[in-house]
Amino acid sequence: MSAERGTQDGGWVETARVFFALWPPPEAAQHLSDVADVFAQCAGGRATRRTTVHLTLAFIGDVKLERLADLKRAARHVRAEAFDLTLDHFGLWHHKRIFWAGCSVVPPALVELASALRTALQAAEFDVADARRNFFPHVTLVRKVMAPGTQLPNHAPLSWPCAHFVLVSSSLSAKRAAYRMIAEYPLITAALSLGEL
Ligand code: 2AM
């Protein structure tokens, strides 16, 4: 999980590249990676693998290992409701060459979760990438699309229940990113709100 980075004074510091995300259950991940494979066969590009399909809530980037405990503590303070995420349409960003799945109606609980998480992270003095832009929830399915004019698919909506979010570390190699979940945070469900919180 760690990498060494040079510092201005010539020393070295161990860091992790991290982000927060919603992670789909296996069936939803399989379905989305199948859609990604089929689209990449037509349009070219690199399909997201079943094991790495996710929706990014907040991207932090490199964090010193000694700050990881603070990062986890900040996320533990986030209180947000569980919700169902329904992905019901696809899009393609030509400038980024990314094919993605998104929701035509963004659940208010998802917006509240992303906002509460950003607020908690910034209060703990972490930089959140794109924090000033509106949150646009999407699941990246294919990167480096070669033929952006390819017709977008039409599938029945796919829903997955979101009852927790995760902190993930990402190691980049020449070929692909490898992800590892390093912490998990529950969202408030009816059962939790009755007694455990
Ligand atoms: P994307 O899929 O929408 O491109 C892990 O790298 C995840 O964090 C990716 O899914 C990516 O989102 C997001 N990510 C990577 N680098 C980022 C950056 N500089 N700013 C915002 N999000 C980033």
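**View 1. Leu 113 sits in helix 3, which covers residues 108–123.** Helices here are DSSP runs of H or I with at least four residues, strands are E runs with at least two, and both are numbered from the N terminus. This is a predicted model, so local features need pLDDT of at least 70, side-chain atom pairs count only at pLDDT 80 or more, and totals for chains, interfaces and linings use all residues. Residues are numbered from 1 along each chain as its sequence is written, and side-chain values use heavy atoms, with hydrogens and water left out. Is Leu 113 buried or exposed? With 0% relative accessibility, Leu 113 counts as buried (buried is under 20% relative accessible area, exposed is over 50%, and partly exposed is in between, using a 1.4 Å probe and protein chains only). Leaving out residues up to four places away in sequence, Leu 113 touches Leu 22, Leu 57, Val 78, Ala 80, Phe 83, Phe 165 and Leu 187; a contact means heavy atoms within 4.5 Å. Pro 24 is 89 residues from Leu 113 in sequence, and their C-alpha atoms are 16 Å apart in space.

**View 2. Phe 165 is part of the largest nonpolar core.** A nonpolar core is a set of buried Ala, Val, Leu, Ile, Met, Phe, Trp, Tyr and Cys residues joined through side-chain atoms within 4.5 Å. Back at Phe 165, the contacts beyond four places away in sequence include Phe 20, Leu 22, Leu 113 and Tyr 185. In soluble globular proteins, nonpolar side chains tend to be buried together.

**View 3. Now for the largest pocket, with about 1,000 Å³ of space.** On a 1 Å grid over the protein atoms alone, a pocket is an open set of points where a 1.4 Å probe fits, with protein on both sides within 12 Å along at least five of seven lines; lining residues have an atom within 4 Å of a point. Its volume is the space filled by probe spheres set on the points. Which residues lie nearest its centre? Out of 38 lining residues, they are His 54, Thr 56, His 138, Thr 140 and Arg 143. Strand 4 gives the most to the lining, with 5 residues. Strands 2 (12–22) and 10 (164–172) are among those supplying at least two residues each. By class, the lining has 18 nonpolar, 10 polar and 10 charged residues.

**View 4. Asp 70 has a salt bridge with Arg 67 and another with Arg 73.** A salt bridge is a side-chain nitrogen of Lys or Arg within 4 Å of a carboxyl oxygen of Asp or Glu. The N to O distance is 2.8 Å for Arg 67 and Asp 70, and 3.0 Å for Asp 70 and Arg 73. Asp 70 and Arg 73 are 3 residues apart in helix 2 (residues 68–76), so about one helical turn separates them. Arg 67 is partly exposed at 24% relative accessibility, and so is Arg 73 at 40%.

**View 5. Asp 130 pairs with Arg 133 in a salt bridge.** Their closest N and O atoms are 3.8 Å apart. Asp 130 is partly exposed at 45%, whereas Arg 133 is exposed at 55%. The structure holds 3 salt bridges.

Terms used:
Nonpolar A, V, L, I, M, F, W, Y, C, P; charged D, E, K, R; others polar.
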